[in-house]
Amino acid sequence: MRLSQYFLPLLRENPSEAQIVSHRLMLRAGMIRQSSAGIYSWLPLGLRVLKRVEAIVREEQDRSGAQEILMPTLQPAELWRESGRYDDYGKEMLRITDRHEREMLYGPTNEEQVTAIVRDAIKSYRDLPKNLYHIQWKFRDEVRPRFGVMRGREFLMKDAYSFDLDAAGAKRAYNKMFFAYLRTFARMGLRAIPMRAETGPIGGDLSHEFIILAETGESEVFCERAWLETDILAEEVDYDADLEPRFRHWTRHYAATGDVHDPAKCPVPADRLVTARGIEVGQIFYFGTKYSRPMGAVVAGPGGEEIALEMGSYGVGVSRLVAALIEANHDDNGIIWPESVAPFRLGLINLRPADAKCREAADTLYARLAGAGVSVLYDDREESPGAKFAAMDLIGLPDQVIIGPRGVAAGTVELKRRRTGERQDLPVDALVARMTAEFPS
Ligand code: ATP
Ligand code: MG
């Protein structure tokens, strides 16, 4: 993409409404614009990141055996009356009446909707287990929307729902999602710690929140110091194996959110306990028959007996992750994208677009990289070098490739790694080989 043609409305000044760094940088880097309180438009650069985050979430859901569906944003109120949540949900739910005076709502979550689908389609124990997920916009009329997409009113969530015959099956489904989440966040270069959590309005018996430690986080959390030294890598997982021993291994160190942490019962001595703030990027729940019973989601068992489905639900804050990634990856000059979610692999800066030789060298390299499947944002604008460097640092692409008259004469380009600031002159062929080797098309 040529920057001269790209819709990238950068802001020079820090927007006064933004209180945390990710919100400031998302606005300054032209990723989002506010529409109304807690509701945002995603501009091209922001949308590219959102899509990459979404793709990783999807791949790991699919890998674990969950199947993607797409449910609507608008739901009929009757479904929520069946579960008994219509009145309980309160003012966070956006209620809408259609032209026929039918009560509708903009879905804050989809337990009822998916339970109705499964109830109507699955009648026999032979058709279980199932785990269905979708990636869809949600609306919650938060009292205090703030921090940009971190706590929006409209936000993109991945929500999965598992259906099993018994508690043991439901725990297997829970374990699969637990590992899918560990892998998902690790692939984004995030350290998301699974912490015991309150089940809240979803209800139920077992829950973990996946928390990224950050001073700007809204949750107070407690964990054993050992977590700070634990690398959470995207290890291979055999989803057909018994994951319970591995689940126990990954939950061996204490970690709990403020809602469930009880100082009187905490097993960790004070000198090994870390009290911190964190960002909740995902949460998983096991809640048994809380929805299946009132909604009549039952199947016939082997002896013809009625079995109410054992369920769990599993959310990831896809749009919140974009902000959380920036909270975890930035410096004074701007964002530093991990390669796995970067909107472009590299920024190509032509320092002298007016110089015919520089322009030819930059155009040729741009075409070669694009032809090799490397995504490039090419700064071909007539701007000062300082403005170009500042813009590239702000938007945080993993690498910058700089073309100037000195290098063109020598047949080299300069490679600058955004994260370390390390700079290196490379022959053009070596640069292309390196980029295509790192990112095979
Ligand atoms: P929170 O405690 O932050 O309000 P929640 O526990 O109510 O979130 P869940 O119902 O667990 O949210 O939703 C699943 C995921 O969706 C959360 O882990 C979070 O990452 C994301 N999420 C929830 N509310 C918002 C919001 N208002 N804006 C952006 N993302 C959100
Ligand atoms: Mg939650």
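# Pockets and cavities in a predicted model

User: How many nonpolar, polar and charged residues does the lining of the largest pocket have?
Analyst: A pocket is an open set of points on a 1 Å grid over the protein atoms alone, with protein on both sides within 12 Å along at least five of seven lines, and lining residues have an atom within 4 Å of a point. Ala, Val, Leu, Ile, Met, Phe, Trp, Tyr, Cys and Pro count as nonpolar, Asp, Glu, Lys and Arg as charged, and the others, Gly among them, as polar. By these classes, the lining of the largest pocket has 13 nonpolar, 16 polar and 15 charged residues.

User: At what pLDDT do side-chain atom pairs count in this predicted model?
Analyst: Residues are numbered from 1 along each chain as its sequence is written, chains are lettered from A and ligands numbered from 1 in the order in which they are written, and side-chain values use heavy atoms, with hydrogens and water left out. The model is predicted: totals for chains, interfaces and linings use all residues, local features need pLDDT of at least 70, and side-chain atom pairs count only at pLDDT 80 or more.

User: Which element gives the largest share of the lining of the largest pocket?
Analyst: The largest pocket holds about 1100 Å³ of space, a volume being the space filled by probe spheres set on grid points joined across faces, edges and corners. Of its 44 lining residues, Arg 140, Glu 209, Glu 280, Gln 283 and Arg 320 are the closest to its centre. Two or more residues each come from helix H4 (85-88), S8, strand S11 (219-224), S13, strand S16 (310-317) and helix H9 (318-328), where helices (H or I, at least four residues) and strands (E, at least two) are DSSP runs numbered from the N terminus. The largest share, 7 residues, comes from S13.

User: Where does ligand 1 sit?
Analyst: A molecule sits in a pocket if more than half of its atoms lie within 2 Å of the grid points of that pocket. By that rule, ligand 1 sits in the largest pocket.

User: Which element gives the most to the shell around ligand 1?
Analyst: The shell has 14 residues (a heavy atom within 4 Å of the ligand), and the closest are Arg 140, Glu 142, Arg 151, Gly 152 and Glu 280. By class, the shell holds 5 nonpolar, 4 polar and 5 charged residues. With 4 residues, the element that gives the most is S13.

User: How much of the accessible area of ligand 1 does the protein cover?
Analyst: Polar contacts are pairs of N or O atoms within 3.5 Å, and a polar side-chain atom of Arg 151 lies 2.7 Å from an oxygen atom of ligand 1. Backbone atoms also take part: an N or O atom of Val 281 lies 3.4 Å from a ligand oxygen, and a polar backbone atom of Gly 317 is 3.4 Å from an oxygen of ligand 1. Of the 580 Å² that ligand 1 has on its own (Shrake-Rupley method, 1.4 Å probe), the protein covers 84%.

User: What is the volume of the largest cavity?
Analyst: A cavity is a set of grid points where a 1.4 Å probe fits but cannot get out, and the structure holds 2 cavities of 30 Å³ or more. Tyr 40, Trp 42, Trp 137, Val 149, Gly 152, Glu 154, Phe 155 and Ser 319 line the largest cavity. Its lining divides into 5 nonpolar, 2 polar and 1 charged residues. The volume is about 60 Å³.

User: Which helix gives the most to the lining of the second largest cavity?
Analyst: The second largest cavity has a volume of about 40 Å³, and its lining has 6 nonpolar, no polar and 3 charged residues. Helix H6 (167-187) and helix H7 (244-250) each supply at least two lining residues. The most, 3 residues, come from H6.

User: Which peptide bond is cis, with omega near 0°?
Analyst: The loop between helix H5 (111-121) and strand S7 (130-139) contains Pro 129. The cis bond is the one from Leu 128 to Pro 129.

Notes
Polar contact = N/O pair within 3.5 Å; in protein donor to acceptor, adjacent residues only side chain to side chain.
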